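Let's take a walk through this one together, a couple of helix pairs at a time.

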Amino acid sequence: MSEPTPIPSNVSLPVLPLKNTVLFPTLFLPLGVGRDNSVAAVEAAVATEEKIILVVAQRNADDDRLDADALFSVGTRAVIKKMNRSDDAVEVMVQGIERVRIVRIDQVEPHLRAVVDSFPLPTDESPEIEALQREVLDAAARVVELAQPPQGPAAIMQMLSGTADPLRLTFLLGSMLSLDVAKEQALLEAPTRLAALQRIHEYLTHEAQILELKQQIASKAQGEMTREQRQYFLRQQMRAIQDELGERSPEGAEADVLREKLAAADLPEAVRVESDRELTRLERLPSQAPDYQVTRTWLELIAELPWKNSSDDVLDIERTQTILDEDHYGLTDVKERILEHLAVLKLNPKAKAPILCFVGPPGVGKTSLGHSIARSMSRKFERLSLGGMHDESELRGHRRTYIGAMPGRIIQAVRRAGVNNPMILLDEVDKLGRDFRGDPSAALLEVLDPAQNSTFRDNYLDLPFDLSKVFFVATANALDPLPRPLLDRLEIIRLSGYSEDEKLQIAKRYLIPRQRAESGLTVEQSDIPEKTIVALIRGYTREAGCRQLERTIGQVMRKLALRVARGSESRIAVSEELLVDLLGPEHFVPEDARREMPPGVATGMAWTEAGGEVLYIEAMQVPGSGELRITGQLGNIMQESARAAQSYVASHAGQLGIDRDKFKEGGVHIHVPAGAVPKDGPSAGVALVTALASLFTGRPARADTAMTGEITLTGLVLPIGGVKEKILGARRAGIKRIILPKANAKDIRDLPASVREDTKVIFAEKINDVLAAALEDGRA
């Protein structure tokens, strides 16, 4: 590059600031000048004979300040080759002459003027420069090949290859690349040719990487577009061929199949109108449309639902009685209520009978009763487990506007059954949850209401479907979690639990044969005598139902199967001694529990979801203030009962033979063991009074007696609930002497006859009756 004639030192030139680019020496640059200050600088330069102007880049394009700090200190002395004026701007063509350095700004208005010194370009020479110049040309060739400029790669490379001067080559490439101002300025200010070449090589390498990635992205997008275009073209050709041959397209054939299914479905008129409209819309949609699959799936559901298809009921009362007796032992009252329900359906098929809800502890046969009812009526059976369900849409369905929408579980159950009158068991209805996604129990209100479910609308189906013919049966362990509106739609049938005699018969008739068959044993190979079954029930299970009993019997059968498989024994009779060898020591020894109770301890009875349990209440006098301390995680109601009991004993101390000075010796601490289990309810009142009376009189309560009942401050004993469960729970603990409120005498008839005969029940109207029967010195 030939050096221009250097300017004298400290020459003042008008300044043209550039926002987004840099002018290199020897190169031409067209510029549009719009700022008043810049236009004035151009006009001042053109007014001179040489038309010389200083072109310098701004450090920040958004900065409108025009001073030394806003401009780079190195710029280019240039000559204005051409100028055109328009209404709002001036267009100029400038050519760079030489690199200069700004000494100072000596004028700001009406335009910038700067005093500059010549800043000659470097002239260093070395073999490294030559090698790097060739490497730069190779990198430039790669960039030009990727960029594909309009002038053509060959013309560009010919121009670059003809540039011998390394600095001119650097400046050419810097002006051609899309570099930011800082990088261009770095090229202009390069101290040596080698540094300039190194910088432009770095920029070229980065640009090549960017262009390669851009090409890959464009190629991929073009490939996808080309594939879609090709598929569209082929489909159009295929449709033309099919039309020529008189054949239908796959989409059309699919629509024909759907039309045939819908015609055969015998749809209600309102449903048919809607399905025909959607089918016509489906035929016009391309198969790639998002709505196509949604609409097709919806129409398939319409075609598969049993709108008018019903199964014939078998309402034979004697047959139902036989099946219920075959499948379940005992449960006389429950079976009678089921037979009453079926009798009403037999006499009045259009009757809107209430929804049955079996309530009881786990393992008492609630779900299997549903199976038996369906079998006796010859109805299809579907079971929906509602435990843990939080989303209302699982029952009512999702709207078709959502991705992955599907019908609710009620409609799906009817679809699987294939008839519109199946029996649907809503299992664990008390385990329904509730959160921000809705309340599933509220959705059940419409499903279970005979006055509403004839026009049930699933969100996905969005058409009325008649659920009035469906036989709904619900199961629950407890009623407390159920909302009151839902309870109003249910007829509650309680399954309290089984006595020891009932469990013995259930084990002999159902559990042992079933577990023997599952273990691969025969009757000849295994025998469990009745005495051993009783020992197994007493020593290894404690439950209201029979689930744990069946698991334990299964464990025994597997151990017998192992012995038989080893060939050591061909027939095994399980004695009580062998039972201990098979299962280990007894898990429960109820007869030894609290055989002797010190003063201050009484045995109460509690109702739980798993059945009845005994509850030991302990009272102790502690030195200090006369406050009442209550522990054992007791609820508010039970704590109030404890305070009422303390008040009663204190106010009747003379009648009970208690020295009043004892109340001044300290406070009373009442504790109910099993502190990790929450306890509440008023029925522990009589046990609390007995424990306190025992503590202050020094007379222990009878260990063979359990009691339950609510108390009042005037000494009355009020009735309570869950009598059957509580008595059965006490018997499981080995207690057969029970104190009940007199008003609960009517509940004794619910007990099995064997339990009534083997249990001594004492009825009490007043607290004095309870104490007379419960304390040792006052046995009844």
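**Helix pairs, a covered helix and a buried threonine**

Start with two helices: the crossing of H2 and H3 is right-handed. Keep in mind as you look that this is a predicted model. H2 covers residues 127–147 and H3 covers residues 153–161, and the two pack at an angle of about 160° with their axes 10 Å apart. Angles over 145 degrees count as roughly antiparallel, and H2 and H3 are therefore roughly antiparallel to each other. On the H2 side, the contact is made by Leu137, Ala140, Ala141 and Val144, while H3 brings in Pro153, Ile156, Met157, Leu160 and Ser161. Sort those by class and you get eight nonpolar residues, one polar and no charged ones.

Now move along to another pair, H18 (residues 530–540) and H19 (residues 547–566). How are these two arranged: what is the angle, and how far apart are the axes? The helices H18 and H19 pack at about 120°, and their axes lie 11 Å apart. H18 and H19 are therefore oblique to each other. Their crossing is right-handed. Leu536, Ile537 and Tyr540 of H18 meet Gln548, Leu549, Thr552, Ile553 and Val556 of H19. That contact splits into six nonpolar and two polar residues, with no charged ones.

Next, have a look at H12, which runs over residues 366–377. Its twelve residues should span 16 Å at 1.5 Å a residue, and because the end C-alpha atoms are 17 Å apart, the two figures agree. Which residues of H12 are buried? They are Lys366, Leu369, Gly370, Ser372, Ile373, Ala374, Ser376 and Met377. As for what covers them, the list includes the helices H10 (317–327) and H11 (332–347). It also includes the strands S7 (355–359), S8 (381–385), S9 (423–427) and S12 (471–476). Just after H12 comes Ser378, with a positive phi of about 60°.

Last stop: find Thr603 in strand S16, residues 601–608. Is Thr603 buried or exposed? Thr603 has a relative accessible area of 0%, so it counts as buried, the cut-off being under 20%. To see what surrounds Thr603, set aside its neighbours within four places in sequence: Thr603 is then in contact with Met597, Val614, Leu615, Tyr616, Ala687, Thr705, Ala706, Met707 and Ile735.

Key: Residues numbered from 1 in each chain as written. Predicted model: local features only at pLDDT ≥ 70, side-chain atom pairs only at ≥ 80, totals over all residues. Heavy atoms only, no water. Helix = DSSP H or I, 4+ residues; strand = E, 2+ residues; numbered from the N terminus. Buried < 20%, exposed > 50% of the residue type's maximum accessible area, 1.4 Å probe, protein only. Contact = heavy atoms within 4.5 Å. Axes fitted to C-alpha atoms, helices over the stretch in contact; angles between N-to-C directions. Parallel < 35°, antiparallel > 145°, perpendicular 65-115°, else oblique. Left-handed = near helix turned anticlockwise from the far one by under 90°. Nonpolar A, V, L, I, M, F, W, Y, C, P; charged D, E, K, R; others polar. Expected span 1.5 Å × (residues − 1).
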